[in-house]
Amino acid sequence: MQMASRVQTDEDAGERSKVWILDQKLDQPMEEEAKRLRNMYKEKKFSASMVLQLAFQSLGVVYGDLGTSPLYVFYNTFPSRIEDPEDVIGALSLIIYSLSLVPLLKYVFIVCRANDNGQGGTFALYSLLCRHANIKIIPNQDRTDEELTTYSRSVFPAEQSFAARTKRWLEGNAFKKNALLVLVLIGTCMVIGDGILTPAISVLSAVGGINVGHPVINNDVVVLVAVAIIVGLFSMQHYGTDKVGWLFAPVVLVWFLLIGGIGMFNIWRYDSSVLKAFSPVCIYRYFRRGGRDSWTSLGGIMLSITGTEALFADLSHFPVSSIQIAFTVIVFPCLLLAYSGQAAYLLKNPDNVGGAFYHSIPDSIYWPVFLVATAAAVVASQATISATFSLVKQALALGCFPRVKVVHTSKTFPNQIYIPDINWILMILCIAVTAGFRNQTQIGNASGTAVVIVMLVTTFLMTLIMILVWRCHWIIVLIFTGLSLVVECTYFSAVLLKVNQGGWVPLVIAAAFYIIMYVWHYGTVKRFETELHSKVSMAWILGLGPSLGLVRVPGIGLVYTELASGVPHIFSHFITNLPAIHSVVVFVCVKYLPVHKVPEEERFLVKRIGPKKFHMFRCVARYGYQDLHKKDHEFEKKLFDNLFLFARYESLMEGGSDSDLSGLVDEQTAQSGNTLENDNGNTVSSEDSIVPINSSSHASNTIRSYGQASSQIEIDELEFLNTCRDVGVVHILGNSVVKARRDSKFFKKIAIDYIYAFLRKICRENSAIFNVPQESLLNVGQILYV
């Protein structure tokens, strides 16, 4: 058996502890095992065939939105008519360089590298920053959390370095931390808004081809068909991204090959001079010739890169290499050909800009392309829907979204999820937008507003990532930030001109979701701070004596709390109002860390509270924002396995003679190369231990085989715990009512007493999240004034 020791000082007065890690690899050095675990939880390495397979599948999940933009870009760029054929060349040039600079250069080759162990999106960037700077709002982290194998971060920068100065500036006050969180929430809300607008504009634009083929069909029929398709799309989501991806990927591949082939045909048939748009001089001439009208048209050109933000948010579903291969080999060249072909057609037929895509299709393949376009439009919605699910899951884990049901839909790819509540909300809002606007122009203006705001948020977060995580030279950071802001602020200024023409929709949707997310986070922080300040002191617990001043009835009481240290106020509230408490009390804290996953062998952290005769323990279960514990039906069993192993190990330490213990320590030290010292450099004593369990089976076998002197003590402790568990286990949950103090400001009272209270009432109960059986559940009510 191999051991390494660490020391943790608890916040409770008078508590001293030491940490023992029981390693599950008996035949490997500790350094090799740590390296193995870190490699395991880094981005998963795939074989070449698997990378190509996932690149194919990513077409159906990630690139549908980008791929269907040719359906409506030119129409939204020139909603009235084309004044000068040369304007088509200028617009095409803008589209070419927008696709090259934003999706290709910025996102696929730079932003995707800033993933958090394969996870993408604004919250993944925020989690990465939280590990490199003390900016997390909820202060529930502990020093031992930083020793997780997945808690990867760069070494601390030099004191006078640019990264160190930026870190100190960011940690300087609470306002900057809150401002960063607000920025992340805004970006997340805009992605959710885009998840509503993309299905509306994609499906409506595709179905609009009926009008081109049969002009006698009115727009009401088009809207009705679009709504029916949207309902079917959202009804399929429960099958999961894995199955949906395999269903959609062939459709999108055929779509890209079709639009690329049609583009080449149109270039050859109509006007090959359109290829001069690859010269950036055409952009200068376009703005000089059109002035304000050219500037306003940027809102339509912006739609050519919608779906780029979903590309990064969907990164958790696929490896970066698959995303890059799919984009560079298929998506990018086919899009360039499609836009160039439409531009060539419009040079000869400027009056048909209203249905440019369908008008440019050869008559012989019109209806087959129409069917594929409709199917591709349905696929386009999948990218933003999947991105919305991923972001909501991350926000939920980091305390920024009310508790909702999260379903993991794939055993092979655990990051692929489905959230029923969010799915139906998106569907209702999407139908409302489709039926309300009834045309793609205003929906396009709305979508452009959402997309450009998300890109601006990503740029600001990436600037911090490059400074704090990558430690790039400030000149490189300046070039990236400056170039990104020039492009995105230009587009932002254009979409602002169309706020009154539909651009207000994502702002309203995002504002509604932002209020929900910020108020929930604000209430969560205030509740945690109140519980932290009102926790029971160890002196009070020790003063109660072994019986805690009550009757100790047989059984085990699991008291759930958000505090990772100290005795929560709910416990004193419980024993003050009830005459009895269980013989064994375990304070269970389930907390999320700013990491994507916590290895199972490092999940639990067990500690004894007070003297041994009190039979009080604390168990902290740590999760990452991609972990799922709701369906972990063995959570209780694993908790007790770790608790019993802790008791065995503690008994071994107390029961063995000094020479035996010292021999064991020397043996393990010789194998692991570690020494058992506390923070002061002294050898730690055998009282009060914390044990993060690495492997129950190996450790227990080793412990049972060691030392006859400790066997009786071990048996007594374990028999007592087993007897109590056999009698019964009761799950004690705090049902706290949070209210604002009387002297609170008006806005705080509105946020806490009405909005936060309403959200807590309609969200899922803690008992459902923790999978607590109803027959052994005990809710303890209390009022917290924040």
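Visitor: What is the N to O distance in the salt bridge where the side chains of E600 and K638 meet?
Guide: The model is a predicted one, in which local features need pLDDT of at least 70 and side-chain atom pairs count only at pLDDT 80 or more, while totals for chains, interfaces and linings use all residues. Residues are numbered from 1 along each chain as its sequence is written, and side-chain values use heavy atoms, with hydrogens and water left out. A salt bridge here is a side-chain nitrogen of Lys or Arg within 4 Å of a carboxyl oxygen of Asp or Glu. For E600 and K638 the distance from N to O is 3.3 Å.

Visitor: Which parts of the chain does the pair of E600 and K638 link, and how many residues apart are they?
Guide: Helices (H or I, at least four residues) and strands (E, at least two) are DSSP runs, numbered from the N terminus. E600 is in the loop between strand 6 (580–592) and strand 7 (604–608), whereas K638 is in helix 25 (residues 635–655). The pair thus links distant parts of the chain, and the separation is 38 residues.

Visitor: Is E600 buried, partly exposed or exposed?
Guide: Buried means under 20% relative accessible area and exposed means over 50%, with partly exposed in between (1.4 Å probe, protein chains only). K638, the partner of E600, has 23% relative accessibility and so counts as partly exposed. Because the relative accessibility of E600 is 34%, E600 counts as partly exposed.

Visitor: How far apart are the closest N and O atoms of E529 and K526?
Guide: Both residues lie in helix 22, three residues apart, which is about one turn of the helix. E529 is partly exposed at 28% relative accessibility, and K526 is partly exposed at 23%. Their salt bridge has its closest N and O atoms at 3.9 Å.

Visitor: How many salt bridges does a search of the whole structure find?
Guide: The pairs described above include E600 with K638 and D641 with K637. A search of the whole structure gives a total of 12.

Visitor: Which residues of helix 22 make the contact with helix 20?
Guide: Contact means heavy atoms within 4.5 Å. Helix 20 contributes A446, T449, A450 and I453, and helix 22 contributes V505, P506 and L507.

Visitor: With which residues is T388 in contact, leaving aside its neighbours within four places in sequence?
Guide: T388 is found in helix 18 (residues 366–397), and T388 is buried, with a relative accessible area of 0%. Leaving aside those neighbours, the residues in contact with T388 are V191, I192, G195, I422 and L426.
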